[in-house]
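Visitor: Hello! I am new to reading protein structures. Could you take me through this one, step by step?

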Amino acid sequence: MPFDFDTVINRRDSDSRKWHKYSGRDILPMWVADMDFAAPPAVAAALHRRVDHGVFGYGVTEPASTAEAVVAYCARHYQWKIQPEWIVWLPGLVCGLNVAAGAFGADGDEVLTCAPVYPPFLGAPVNQRRRTVTAPLARINGRWEIDFAALEHAITPRASQFSFCHPHNPTGRVFTHPELEAVADFCERHNLIVTSDEIHCDLILDPIAHIPLASLSPTIAARTITLMAPSKTYNIPGLGCSYAIIPDATLRARFEPPYGGIVPDVNILGFVAAEAVLRDGEPWRQELLAYLRGNRDCLADFVARELPGVTLPHIEATYLAWLDVSALGLDQPAAFFEAHGIGLSDGTAFGAPRGAFVRLNFGCPRATLVEACARLKRALAAR
Ligand SMILES: Cc1ncc(COP(=O)(O)O)c(C=O)c1O
């Protein structure tokens, strides 16, 4: 079945956070990780069926059929055999990052992560009375890599957790089996609990299989909280259904109770949409990946040909481009590009040095991306 990713859907007056930010201004929003595509048709069909029931009382908190769909999906997509009781439902993964940061260790403990990274990795530990400690990723031969020497250097006796983003937002790296083995070894040697945020794992553009960190061995599984959600891949983040997968019963018991009554339940429509895509979303996802690959290549060509001073290492996964603009000598690059009609995320929020990086979301119809490229070029010409 062919799906339509080319039609530009008007989201300006549709309560979209992404588009509302620039309401009334001619600025293309290419910041937050939300795509401008309609969700797979299976979502609307399942929601219509549920809405037609007409009764919207409290939902169950442990939906057996959605859990079954998660278990089957993990087996099918990552050859990872999980148990339904390992699943802890969450209304969002930022919530999961915060819950994990507060559930383990003690006040004042350190949560280690590699920067740049999705901003809530930096904020969640602080929200939960911990300290965030970052080790920089290294760029080796144009590829972003984990700098294990920097991680070793950053370890102190107060480090009790490591938070890991895999595939990595914002660089789009998919970590290899040897890299994951090294992460597991690092966390085991330093006795760290790991939160592995794998929300982008179904958005791998290159022919690389996703390997959940916790699937490497029972030893690493016993100290890992894996965060997953169908929300990025199937473009349903507004429906709020995510999950932590926690094989170890003791960790699960630490993760759950303190938050009872604070973290809201997943809403009934979120479960319906998640189950629909986990069961029936694959044909749509395959076409999405082909379309995003086209967008990635179109953007990479344009940057190389038309944007002198901007570099973009190869993107293996996600629909996010981490553009190195440091050679342009701009103090606030996101503000500069915004003034020229393109709304990007500023790298400093991800822990990058001032003036060095912007992130561009290319999860949009090709026509929107082409217009954004033209604006980037005009912006540089106007400097
Ligand atoms: C790595 C990562 N984790 C979590 C989220 C957000 O998750 P949620 O919307 O479920 O809070 C994002 C969104 O961009 C992300 O990139």
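Visitor: How many of the residues of helix α4 are buried?

Guide: Good place to start. Keep in mind that this is a predicted model. To judge burial, we count neighbours: a residue is buried if 20 or more other C-beta atoms lie within 10 Å of its own. Helix α4, residues 93–103, has 11 residues, and 10 of them are buried, which leaves the helix mostly covered. Among the buried ones are L93, V94, C95 and G96.

Visitor: What follows α4?

Guide: After the helix comes G105, and its phi is positive, near 75°.

Visitor: Now the wider view. Into which domains is the chain divided?

Guide: There are two entries to note: domain 1 is made of 17–41 + 282–381, and domain 2 of 56–280. Taken over C-alpha atoms, their centres are separated by 25 Å. The contact involves 26 residues from domain 1 and 31 residues from domain 2. On the domain 1 side, α11, β11 and β14 each give two or more residues, and α11 gives the most, with 5 residues. Sorted by class, that side of domain 1 has 17 nonpolar, 3 polar and 6 charged residues.

Visitor: Where does the largest nonpolar core lie, and why?

Guide: Look at which parts of the chain supply its members. This core has 120 residues, and those touching the most other members are V43, Y243, A244, F255, A273, V277 and A321. Both domain 1 and domain 2 give residues to the core, so it lies between them. Take Y243 as an example: leaving aside neighbours within four places in sequence, its contacts include V70, I87, W89 and M228.

Visitor: Last one: which residues come nearest to the ligand?

Guide: Of the 13 residues around the ligand, these are A33, G92, L93, V94 and N169. By class, the shell has 8 nonpolar, 4 polar and 1 charged residues.

Terms used. Residues are numbered from 1 along each chain as its sequence is written. This is a predicted model: local features need pLDDT of at least 70, side-chain atom pairs count only at pLDDT 80 or more; totals for chains, interfaces and linings use all residues. Domain bounds come from an automatic or database domain assignment. Two residues are in contact if their C-beta atoms, placed from the backbone, lie within 7 Å. Helices (H or I, at least four residues) and strands (E, at least two) are DSSP runs, numbered from the N terminus. Ala, Val, Leu, Ile, Met, Phe, Trp, Tyr, Cys and Pro count as nonpolar, Asp, Glu, Lys and Arg as charged, and the others, Gly among them, as polar. A residue is near a molecule or strand if its C-beta atom, placed from the backbone, lies within 6 Å of it. A residue is buried if 20 or more other C-beta atoms lie within 10 Å of its own, exposed if 12 or fewer, and partly exposed in between; C-beta atoms are placed from the backbone. A nonpolar core is a set of buried Ala, Val, Leu, Ile, Met, Phe, Trp, Tyr and Cys residues joined through C-beta atoms within 7 Å.
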